[in-house]
Amino acid sequence: MKYPDSDRLLETAIHAWRNRLPAPPPVSLRLDRPWSESGAPADLHLDYQCRGNPEDPDLTFTVDGVTFGLQDPVALEAVPIAKPWGQEIWYTGIEARGESRVVGAGGTVSLAHYLAAAPDALCRRQAIVLLKVLDPRPEPVLGELYFEVHEEKREVYVVSHVDAGAWPEGQGAIRFGMDQRRREAMGDEAFRAAFLDAVARYERLRDQVDAGSRELGEEEAAARDAVHAFTALRPLRVGDVVVVPTWTPHALLHGVRVVEFQTPTYERHIISFGQKVLTQAHWDSALAISRMQLEPPEPAQFEPITPGVSRIARFPDFGVWRAAVEPGGRLQLPADLPYALCLCVDGEIELAGRTGSLNLTREKAAFIPHRALTAAVANASGTHPAIVLIAAPGL
């Protein structure tokens, strides 16, 4: 996203307040929206307000009739995105397929329009980590995600629910990496070649099924099983963490719901999929298999930060903390972050801002602006620890 030069307008309003000058009038600003379906820009109507101590004023702004405190956390209104395997729930999506929204006084605006009002003050002009929930259907095959690799995108999953009907013992799974015994027996070059042959045969059958053939059910299932025989499964329970490095083959299985933080870019190379792919004409099997990582993925490494707080992922572009906030406890975030995203996993938390507070319950999320990072994350339930996930660049 290309941020506009709106912070200059904010600084003009602050200067006027400090020097007891008339407040600048509301302004209109054009925001380029190349990600939108039409690609057309939008005209934003902005107004900046200052109150209180001139040396350290309370700052608010209004964008398209909705008012926000610049030093306050804001609730994120998620948007559901239908998928062949279930749905994704986006908290920070800015794409043609869907735009998440931010809740202010008087309504909501898109996250992009909110950030455009003061990008330096809100997020230091940094890209926003994509926060979403993956919610697969509980049926086998139909609820299995693409088996794919990423060239640039990095992901971390935190398991939030395992469907009891799909997994009666409470342990689901992710298809993660390749079968090491078969790899060792065949050797890497032969392993890749045989896997590509199995995938190519499966894709040919899938194409016939997708074209309307109804006589290939057993043959297709056998071909799918032949592909899966090259892969490895990692068991998952609620609370487990999966860090997905680049070029690591992976596919979340049916009925396993996860919170995901990821690099905010849309790219993938599909190895195989048990349904018709709607977003492209063919799989990317040859490229993906030639470059996929064959070494077994490492388990997630947790780095203690303070008592009850661990870093569960650290990538070049962002990191993720998981914190257990005890009753009456508080968690202080680093004040030098460009911004932070906060999602409540369990219990209830309170995010205290300059002019008000925001309470979050299970799977509710908030954006914490740079100028609100001095606020603490507090346990609001008072009966048991609250679990919270926090992500930010440099965390």
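## The largest pocket

Lining the largest pocket are 17 residues, of which M1, I94, E95, I128 and P264 lie nearest its centre. The volume of this pocket is about 340 Å³. Sorted by class, its lining has 12 nonpolar, 4 polar and 1 charged residues. Here Ala, Val, Leu, Ile, Met, Phe, Trp, Tyr, Cys and Pro count as nonpolar, Asp, Glu, Lys and Arg as charged, and the others, Gly among them, as polar.

A word on the model: it is predicted, so local features need pLDDT of at least 70 and side-chain atom pairs count only at pLDDT 80 or more, while totals for chains, interfaces and linings use all residues. Residues are numbered from 1 along each chain as its sequence is written, and side-chain values use heavy atoms, with hydrogens and water left out.

## How spaces are found

On a 1 Å grid over the protein atoms alone, a pocket is an open set of points with protein on both sides within 12 Å along at least five of seven lines, whereas a cavity is a set where a 1.4 Å probe fits but cannot get out; lining residues have an atom within 4 Å of a point. Grid points are joined across faces, edges and corners, and a volume is the space filled by probe spheres set on the points.

## The second largest pocket

The second largest pocket holds about 240 Å³ of space. Of the 15 residues that line it, F68, G69, D72, P73 and V74 lie nearest its centre. Two or more lining residues come from each of β4 (66-69), β5 (74-77), β10 (101-104) and β27 (357-360), and β4 gives the most, with 3 residues. These strands are DSSP runs (E, at least two residues), numbered from the N terminus.

## An open sheet

Let's turn to the strands. An open sheet is formed by 6 strands in the order β6-β7-β12-β19-β14-β17, with antiparallel pairing; two strands pair if DSSP finds at least two bridges between them. At the edges are β6 (79-83) and β17 (241-244), each pairing on one side only. Within the sheet, 7 bridges join β14 (residues 155-162) to β19 (residues 256-262), and Y157 stands opposite E260 in β19.

## The cavities

How many cavities of 30 Å³ or more are there? The count comes to 3. The largest cavity has a volume of about 250 Å³ and is lined by 24 residues, of which E88, K132, E148, K153 and R268 lie nearest its centre. Its lining divides into 10 nonpolar, 4 polar and 10 charged residues.

Technical notes
Helix = DSSP H or I, 4+ residues; strand = E, 2+ residues; numbered from the N terminus.
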